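The notes follow in the order I made them.

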Amino acid sequence: MRPTSAPLPGARSLSLAWPLLGCYTVLVVYASLFPFESWRAQGVAPWAFLTAPWPRYWTRFDVVANLLGYVPLGALLTVALARAGWPRGAPVLGVVGPALLSLAMEATQTYLPQRVPSQADALLNAIGALIGAVGATVLLRWRVLGSWAQFRARWQQPGGQWAWAVLLLWPLAVLYPTPVPFGTGQFWPRLEAALWRAAEGSPLQAWLPQSPPLAAPSPLTEALLVALSLWLPVLLGYASVRHIGQRSVFALLFGAVAWGSGALSAVLSFGPLHAWAWLTPPTQLGLAAAGAMSLFALPLGSRAAALLAVLAGGLMLGLLNRVPDPAYLGEWLQTWEQGRFSRFHGLSQWLGWLWPWAALAAAARLALRRSEGASYNRRP
């Protein structure tokens, strides 16, 4: 019997909303409970915030963050449930689910002395979820998201949902200060320091390896790191779309997002006057090399692009974790850790550390997937 690539009747493809919902929920929980330190009972019931007086001082940043932070959560849950076959209950659960999550987070903050639970925050979160659920419902009824499903069918490779979810998180991952522009995934120096602090004064300290001082990278090494850091998401995008024309569009859009993310990260840390301070000569060389390598990879097959992404990501992580922090990084981090981003800097830091590993996993998944219509042990 000749194999066919047509989907089985009644078969459903996994909606991209599900992996995005999972990732975004983790981000919300992390942002709500950061810094995860000094847990203790303070003699207050976890639900006492519901009847406490309303906060007397609100900042515009907190109001906007609490309101807008739950809009994607309500929208993604509504779309995911509607795509799963529950269109009628999706809007209700799209509001109730995030509202219950918000109440749980506020109650848990009772045990964190550095956080202050508030019914105002929970109410703003619920309103944000309501806005997201209503907006998603309107888009579903107007069939705008139906067009998105058709767009995915035309553009996305089978099994590319997780790759697209990882790629959508990339602009957030590169906002946190990095040793080189776009160089996410540098974790070993901090992990080594944490191990030494944990083992200090114990017999295990003598067993820990002592790494020699790290040397500053040469300009060519820095350019190579910039190029590989950009090439990894480009290759992941190539492996998850269908045709070379779509790859060209993706590469152009990704280039624009990369420039915008680099400028935004500098603006958030140093101010608008320093939006382009990251464009040093090594970075410019790395950008040019990334563009050339992306052009070279355009005609590669999907599996070849995925395998090359795994190799490029492994090389980038190996080189980046042998690079010391630059002198200005401490001042840069102070802006994030003590300013208005103090609630989110740990979240963005973890996202920056883990993003390359998620990208490698998504690329490996695409490289190992079976081709459409493939069959094992076929008989002639």
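Predicted model: local features only at pLDDT ≥ 70, side-chain atom pairs only at ≥ 80, totals over all residues.

The structure has one cavity of 30 Å³ or more. I noted about 90 Å³ of space in the largest cavity. Which residues line the largest cavity? I listed Tyr 176, Pro 177, Thr 178, Pro 179, Gly 183, Thr 184, Gly 185, Gln 186, Arg 190, Gln 349, Gly 352 and Trp 353. Sorted by class, this lining has seven polar, four nonpolar and one charged residues. Helix α14 supplies the largest share of the lining, three residues.

**Largest nonpolar core.** I turned next to the cores. The largest nonpolar core has 48 residues, and the members touching the most others are Trp 170, Phe 182, Leu 230, Leu 236, Tyr 238 and Trp 355. I then checked which elements give two or more residues to this core: they are α7 (161-173), α9 (219-240), α10 (244-270), α11 (281-297), α12 (302-320) and α14 (345-368). The most comes from α9, with twelve residues. I picked Leu 230 for its contacts. Apart from neighbours within four places in sequence, Leu 230 is in contact with Trp 170, Phe 182, Phe 254, Ala 258, Leu 287 and Ala 290.

**Second core.** I also found a second, separate core of 24 residues, with Leu 21, Leu 73, Leu 77 and Val 79 among them.

**Asp 121.** I looked up this residue in helix α5 (residues 119-141). Is Asp 121 buried or exposed? I record Asp 121 as buried, because its relative accessibility is 17% and the cut-off for buried is under 20%. Its side chain makes a polar contact with the side chain of Asn 66, at 3.3 Å. Leaving out neighbours within four places in sequence, I list Asn 66, Ser 102, Glu 106 and Val 116 as the contacts of Asp 121.

**Trp 39.** I placed Trp 39 in the loop between α1 (17-33) and α2 (60-68). Trp 39 counts as partly exposed because its relative accessibility is 41%. How far apart are Trp 39 and Leu 112 in sequence and in space? I read 73 residues in sequence and 5.3 Å in space, C-alpha to C-alpha.

Methods. Residues numbered from 1 in each chain as written. Heavy atoms only, no water. Core = buried A, V, L, I, M, F, W, Y, C linked by side-chain atoms within 4.5 Å. Buried < 20%, exposed > 50% of the residue type's maximum accessible area, 1.4 Å probe, protein only. Helix = DSSP H or I, 4+ residues; strand = E, 2+ residues; numbered from the N terminus. Contact = heavy atoms within 4.5 Å. 1 Å grid on protein atoms, 1.4 Å probe; cavity = no way out; pocket = protein on both sides within 12 Å on 5 of 7 lines; lining within 4 Å. Points joined across faces, edges and corners; volume = space filled by probe spheres on them. Nonpolar A, V, L, I, M, F, W, Y, C, P; charged D, E, K, R; others polar. Polar contact = N/O pair within 3.5 Å; in protein donor to acceptor, adjacent residues only side chain to side chain.
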